[in-house]
Structures are given as structure tokens and as C-alpha cells.
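Please look at the sequence and the structure below with the contact between the chains in mind.

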Amino acid sequence: MKIRARGTPAKIDTQMTPMIDVVFQLLIFFMLTLKIVEPEGDFNINMPIGKPQEAASTLPPIKIRLLADKSTGRLSQLLFDNRQLGNDDRAFNVLNREMQLMVGTPGSGVADELEVEIDADYDLHHEFLIKAVSAVTGELNPVTKQVVRFVEKIKFAPPRRPGGVEGT
Amino acid sequence: MRIKKAASNISEIDLTPLIDIVFQLIAFFMLISNFEQTQADERVKLARDPLAQPPKVARENDLVINAGYFRDDAGNIIPEKVTQEKGPFVFFLGEAVLVPQFARHLATEAKLQRDEGIEPADITVVIRADKEVPTGLVQELIKQSQEAGYAKFALSATQQIE
């Protein structure tokens, strides 16, 4: 039997053009579909169905009142247990400090018991509600950048509809 | 004079570095592309807050409600073209519905979820409300959701990175 001598295999030229075509198509697709979205987060709100929470907490809720400027919808006064704190960022900082004092050491168990009720004017812009929720929720540790939680249970008072009719 | 015969000199371009770079770019764009936030509506300008952080464990079931306004390029609120209503609207399934009329949509959504075997009480309603939406209307949305059977709520905000 005659055995053919095995020579070095012929070099196969890979056709790169179709691959590069597809790769460029992919690149263009991802470039065009790219949408730079800022990261979003959320705050949990404790609003279970059914009215007053039966024995949900042994402590009465801490009341926070947000008064709105009727014409602009901006915050006109922030009240913490009927104490006026102001209407600017400092007011929310004071509220945050008050909550910190009230909770004491985070994780001490007081935070689990405490409940905050936010009672806001109907026309108040939502951003102020978020600020108030944020101020009572906790604070950002400047070193670790982790959130230190103060209160988990946040609920809203019934809406104060224009005309004085309160929601149920 | 002796003239040298010009040899055919076809130089091959080395495509390897080009392909390397292109693959790097594709990997980059794939990683930063955000396919998750399909329910977010760009018309809603959320409030910003440093404490607004995404949940550590992704929610299995949620219902996202986008409440906001129509705005022009400068960000000013403009009325809806057909009805001339100023809003705020709930942007839901391609429609712009006024907040008081949204209750029936919620009821339908809850019924559909019950038909699929999911109890609305186990679903978190994520309210993505524009920063200028009146608080009262956000509370109305919560109330409508409660009436439809939903019990868990979350308010969205953009994470403010300092």
C-alpha cells in the first residue's frame, strides 16, 4: 500500500470580512440603544389595607406635618410634633437629627417599634414628601456610604382634599 | 541599465488588534446597557435623594405606576394635545390617564393578576411620581391601589450621588 507522505497542512485563510460586518452591526446596535439612566431607588411605605393598624405598635406614631404654599405647591412649614422646623433643607436636617435622637443606637429595637405618620397638604409637591420620608428613614454613613436606618414604618395620614373633605 | 522587475507586494493588514478593540467596545456597551428599567417612563422627573437606593433583592412581582406631566424641551409643563388637560397623568400601557380615572385600570390589573394566580397583596406597587405631582394625588393612587387589593407600596426617587 502506498502511503502518502504527510506534508505540512495548507494554511487556510479565514474570511474575516463577514465576522467584522456582524461585529460592527452589533457595536452600532449597542451604541444606538444605549440610554444612560440614573440609578433609581425607592422607599417602602407601610400602608396595609384596613384602617388603623390593630396593635401594630405599642408607641403612638410620631406625627410630621407638611404645610404647602397653596399657590406654588412648595413647602411653607415643616412641623415635628407641632414644633416648627422651617421650610428649607435645614428643616429636614433638624428632622433627621430629631429622629436620630429618638431612635438612639440604630438596631436597638426602638426603630422597629417606632412609626411615623406623615400628614401633608394635598397640593404639596411630591419632592418634599420624598425629602421628609428620607429624613425619617435614616442617614447615609459618610464613611461607609451605607444607609443607617432609623424608622421602617412610615405611613401617610388620609389625604386632605381641597374643600376640607378628608379621605378615608 | 538593468531594471529590476517589481515584485508584486500585497501586504496583509493584521486585523487582530481591530477585532480586539471592537469586542472590548461591544462588551462595554452590553454591560452598561440597562434592559431592566423597561417600565420606567422618561416623562417622569423623579425627586432626587441620597437615601434612595435600589432594593438589595430584586422584587419578584411589582407594578410600576408612572405619574407625571407632559413637558416641553425646556421642561415646562404643557397640556395634553387632545384634551388640553394639564394633568398630572398616569402613563400606563401607552395611555395618559388622569389620576382620578385610574382606579378602573388598577382594578383590571388586579383581576388579571388574580387570574394568573398572583395575589395583589403580594405585589409591590412602585409609584414613580414626578417631583411636582401634588402629594394628595400620590395618596389617592395609594388609596385606589388599596381598594384594588394591593398592600405593599414604594415611592421611587433618583439616587443622588454626592
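Which residue of chain A forms a salt bridge with B:Arg59? In this predicted model, the partner of B:Arg59 is A:Asp42, and the closest N and O atoms of the two residues are 3.1 Å apart. Across the interface of chain B and chain A the rule finds three salt bridges, and it also finds 16 residue pairs in polar contact, with both residues at pLDDT 80 or more. On the side of chain B that touches chain A, the elements giving two or more residues are helix H1 (16-32), strand E1 (48-49), strand E7 (124-129), helix H3 (135-148) and strand E8 (152-159) of chain B. Of these, H3(B) supplies the largest share, with nine residues.

The size of an interface is often given as the accessible area lost when the parts come together. Here chain B and chain A bury about 4,600 Å² between them, with 62% of that area on carbon and sulfur atoms. Within chain B, the residues that lose the most area to chain A are B:Leu51, B:Gln139 and B:Leu155, which together make up 16% of what that side buries. Counted by residues, the contact takes 53 from chain B and 47 from chain A.

A further feature is a nonpolar surface patch of about 380 Å², which is made by A:Phe24, A:Ile28, A:Leu32 and B:Leu18. Helix H1 (residues 17-33) of chain A gives the most to this patch, with three residues. A:Ile28 is found in that helix, H1 of chain A, and A:Ile28 counts as partly exposed because its relative accessibility is 46%, a value that lies between the limits of 20% for buried and 50% for exposed.

Definitions and conventions:
Residues are numbered from 1 along each chain as its sequence is written. Chains are lettered from A and ligands numbered from 1 in the order in which they are written. This is a predicted model: local features need pLDDT of at least 70, side-chain atom pairs count only at pLDDT 80 or more; totals for chains, interfaces and linings use all residues. Side-chain values use heavy atoms; hydrogens and water are left out. Patches are made of residues with over 30% relative accessible area and no salt bridge: like charges are joined within 9 Å, nonpolar side chains (Val, Leu, Ile, Met, Phe, Trp, Tyr) within 5 Å. Accessible areas come from the Shrake-Rupley method with a 1.4 Å probe; for residues, only the protein chains shown count as cover. A salt bridge is a side-chain nitrogen of Lys or Arg within 4 Å of a carboxyl oxygen of Asp or Glu. Helices (H or I, at least four residues) and strands (E, at least two) are DSSP runs, numbered from the N terminus. Buried means under 20% relative accessible area, exposed over 50%, partly exposed in between (1.4 Å probe, protein chains only). Contact means heavy atoms within 4.5 Å. Buried area is the accessible area (1.4 Å probe) that two parts lose on being put together, summed over both. A polar contact is a pair of N or O atoms within 3.5 Å; within protein, one must be able to donate a hydrogen and the other to accept it, and residues adjacent in sequence count only if both atoms are side-chain atoms.
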